[in-house]
Amino acid sequence: MNKYVIICLFSFFSFTSKAQSLKQATWQQQVDYVIEVKLDDINHLLAGDIVITYTNNSPQTLSEVYIHLWPNAYKNNSTAFAKQMQENGDLDFYYAKESDRGSIDQLEFMANGMPSVMKPTNNIDVVSVQLTKPIKTGEKVTLSTPFTVKVPKVFSRLGHENQDYFITQWYPKPAVYDVNGWNAMPYLNQGEFYSEFGSFKVSITVPDNYVVVATGECENELELGESKIASDTFPVSSVSTKTLVFKADKVHDFAWFASKRWGYVTKKIRVGENDVLARLVSPEPDKKYLNAIETAITYYSDNVGVYPYSHATVVHGELKAGGGMEYPMITLCDFLNEEVIVHEVGHNWFYGILANNERRFPWMDESINSYYEAEAMKNGKEDKADINSGIMMALVKDNLLRNEHQAIGTSSELLTAGNYGMSVYGIGAKSIGYLKAYLGDEVYLSCMTSYYEKWKFKHPLPDDMKASFEQTSGKDLNWFFKDLINMEGKLDFAISNNKDGYYVTNKSSISAPFPIQSKSTIGKKEVKWYMLKSGESMLISDMNQNKLLIDPKSETIDLFKGNNSSNAKWQLKAFTGADKPETKEIYVVPALGWNAYDKMMVGVGLHNYAISDKALQYYVMPMYSFEQKVITGSAGLTYIKTLEKPSQYIEFGVNAKRFSFLNRRENLVLSNDGYALANYSYLKVKPYLVYHFPKKNLRSQITKNVMLAVDQVFFKPQFDFISNEVLPGPFFSKSRSNSFITLTYSAKNTRKINGSSFVGNAEYGRLTEDVVIGKKVQSNSGLDSFYANQGTNVNGSDFAKISGVYRYGLDIGIQDKPLEIRVYGAVMLKKSNSDQYNNQLGGYDKAGYYDYKFDDYLMHRNATYGLFQNQINGNANASKFVGPISSSNKWLVSSTITVPLPGKIPFKPYVEIVLFDDIATKNWNSSGTKFIYNVGVEVEIVKDRFEVFFNLAQSSDVTNYQDGTNGGLIQSSSLSKFTDRITFVFDLNNLTPSKLKKQLKLF
């Protein structure tokens, strides 16, 4: 399977709880098939008969045979496959029409001609056929049954797209019986397959104008020629039919593909003394892709073992289980490029010929094959950059920092979606290169070819590969096969300077080898491999070495390279990049900014954010405001400490920012330039600590964390008084500093069906203000009032409150569009002297006023005009009402229900209901209502980031208040227009590199 789309699930099915053997038995079952099947391309049905000859070579007598009926995986939403798709966020099958689903039925199993009972299991795609007579060692049983397959639309592997057919995992197939007993398993989209070797004779009847390609050799002479021109459209099916016969030996699966519009091109490839036919089948066959097939066939034959089959066919068609999916001699690719083709054709060796149990040990196929794919594509160019691998390693490092990495050897159904890609394909492939570097090219080549020759067509398990490699190399490889493959944590080797030389330490949890490159004072370089136990150090005291470098060619999986060099030097680099062990990079970026008060800001940013995260990260971004002629900007530092349990870590950090804003408390001040708006600057410093709770397992969709933050906000006026003796008002703030301590608990269930989240805050605020007090005096003209300076005073107050937001997405049968329920509640434990810090209702011209901790990045904080006066905060605001409707000193509750509309319409109607403690006493509440409501339409441009809300109807008391009646707003501030009641969310807070990277869905 290709590594582009990776999904996984926890184990749904197991027949045994005994410890699993990692060493295969010396015996092996044989399963031979004769299948006749006919395609009904009107109703998308397969009608067939199958005869299975099952040979029991095991030492046990068998009274039953477990049979995979994998088309039943597509029957309903309760199958293991369906549950997996839901868990991984793919809801296409969940919402599929009944007519598009699939199944297998009309089964009537006979054993040696006698009716047999099918015993159900916990999964409808696995049954146990009870044998009328147990089969002893060396005996055979003939199982036969008719069957009918309803071919689903393509949701995974088996399926059809119009009248293109992709027939895989389609027939009743016995599970593997090996040293571990029955390996019966339900069909999953990820976590692939394990099947018995045998022979196939398959007769396929289709309308005469279909092209059919399959596993095995076509016995119909002249049916498949050297080339065929594709059709632009789907022609009408021929009335006449044809029956094609395909035969294959020493294979464990059989797949076939059919279409009336496909064409193909071919090319003969010489492999040893044999010719292999490369065939590309596609609606638009292009000969250039035959070269990729040749690359795979020749490279793998030279470096693993000779390709044993007569053809290698690639089909370009529909697939929803990755970029490609392999079957013996034939592979299906959703899109064509060299990497996908080489990878899928390469699977013939590991998935096809060695045929490991990929559900349990995916690394034995995918990791090894991904390594060889990358090597084959180098075409002898050893220095060719592997961008894909570089990205994979960066993501693995990020996971290691946050304790979300899973071992390469983890069973596929236990891996998370991302880890299946990063652990199995990414660091798993690099680990094979690590083993090769340690053994050396020649020894490794001998190990792999010997392993292949000994175990081809025999289902090796991990200990079999280990024993073969150890026998050939003569080395103890426990460090790789036992430790490295099953390592959950990081591999990390470090160098530190010492007066006697250099200390080299293994900071990993396992013992492992590593290379050190030494450079002498005369420039001579030498590389030598060492082995250190976990936590062990060694001293290199040769002072002729003026530079030591661990892993100079990045051959190990030590991803934490900041401590790999004895004399790393600081270096400035533009923008960002990949960190290197010999340098300590500081990245430089240009910085531009704008807000309504500072106007244009220009500066420079310094940071250490690279492609992969570090435990300690920082950025400093100073800018110059041409309007205010001051330095503005922001800075941040975070440190991550990994703990013991899955997904458990602590994050320490501090953020700071300084910008200008309009102080809403002082509208006009008398300055040297006359009366002006009271512009201030603020400096906000926020140290914080976040504890991320561990998960029971990494597949859990529930995340929880608790954060303790201290927000310290300092204010400074950006103007001068005319005279210290004359003030512009009865009191004036010379300076203020506010402190807030907030404890936040967050819990989120990220499931796509009925997902939910809760954020709760407990907050204490201390407000301090240096005030200049003035006494009113009248001017001679009588037109202006002035205030004599009477001295200063320090005012202080505090408040405390708790608040929370709960969100729930209720599935109502519209894909990716749940009914959204939001409940907000707040209780003042101690009210503030200023309404700004109490429970506020009404968001008009209050965007920055309510953001008193200056958390948000706002283009126009405290706007009193224009577009940004209608901005609200989607997380903190109680509702979408506008205007200073209420300042509740006790409690406030609001509830919003947003209803999705089907299709691609971005409009979503909503209704809000708000209650608060003193609603009955409000002078505008003439009707005595116990609650107020607001009905409108939301336009979702970017979910939770850019949303617009149109208030269409609301409680009449609120409308009268906004219009200026019922003791409402004065005429100059009334909200009588429809546009006055439009609000919007514009959230810029998550546009940081680390947060954006976390949101990427690469697997």
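I call a residue buried under 20% relative accessible area, exposed over 50%, and partly exposed in between, with a 1.4 Å probe and protein chains only.

**Ground rules.** I am working on a predicted model, where local features need pLDDT of at least 70, side-chain atom pairs count only at pLDDT 80 or more, and totals for chains, interfaces and linings use all residues. I number residues from 1 along each chain as its sequence is written, and side-chain values use heavy atoms, with hydrogens and water left out.

**Entry: two aspartates with positive phi.** I looked up D816 and found a positive phi of about 60°, although D816 is not a glycine. D816 sits in the loop between β44 (785-810) and β45 (819-830); strands here are DSSP runs of E with at least two residues, helices are runs of H or I with at least four, and both are numbered from the N terminus. Is D816 buried or exposed? D816 has a relative accessible area of 51%, so I log D816 as exposed.

Then I turned to D551, also not a glycine, with a positive phi of about 50°. I placed D551 in the loop between β30 (545-550) and β31 (569-574). D551 counts as buried because its relative accessibility is 1%.

Entry: I traced an open sheet of 3 strands in the order β25-β26-β29, with antiparallel pairing; two strands pair if DSSP finds at least two bridges between them. β25 (493-498) and β29 (537-540) are the edge strands, each pairing on one side only. From one strand to the next, the twist averages 25°. I followed β25 along β26 (residues 501-506) and noted 6 bridges in the antiparallel sense. N498 stands opposite G501 of β26.

**Entry: a helix pair.** How far apart are the axes of α4 and α6? I read 7 Å for helix α4 (residues 366-378) and helix α6 (residues 417-439), which pack at about 65°. Axes are lines fitted to C-alpha atoms, for helices over the stretch in contact, and angles run from 0 to 180 degrees between N-to-C directions. I therefore file α4 and α6 as roughly perpendicular (65 to 115 degrees; under 35 is roughly parallel, over 145 roughly antiparallel, the rest oblique).

I then listed the contact (heavy atoms within 4.5 Å): α4 brings residues including I368 and Y371, and α6 brings V424, Y425 and I432, among them. By class, the contact of α4 with α6 has 7 nonpolar, 5 polar and 3 charged residues. Here Ala, Val, Leu, Ile, Met, Phe, Trp, Tyr, Cys and Pro count as nonpolar, Asp, Glu, Lys and Arg as charged, and the others, Gly among them, as polar.
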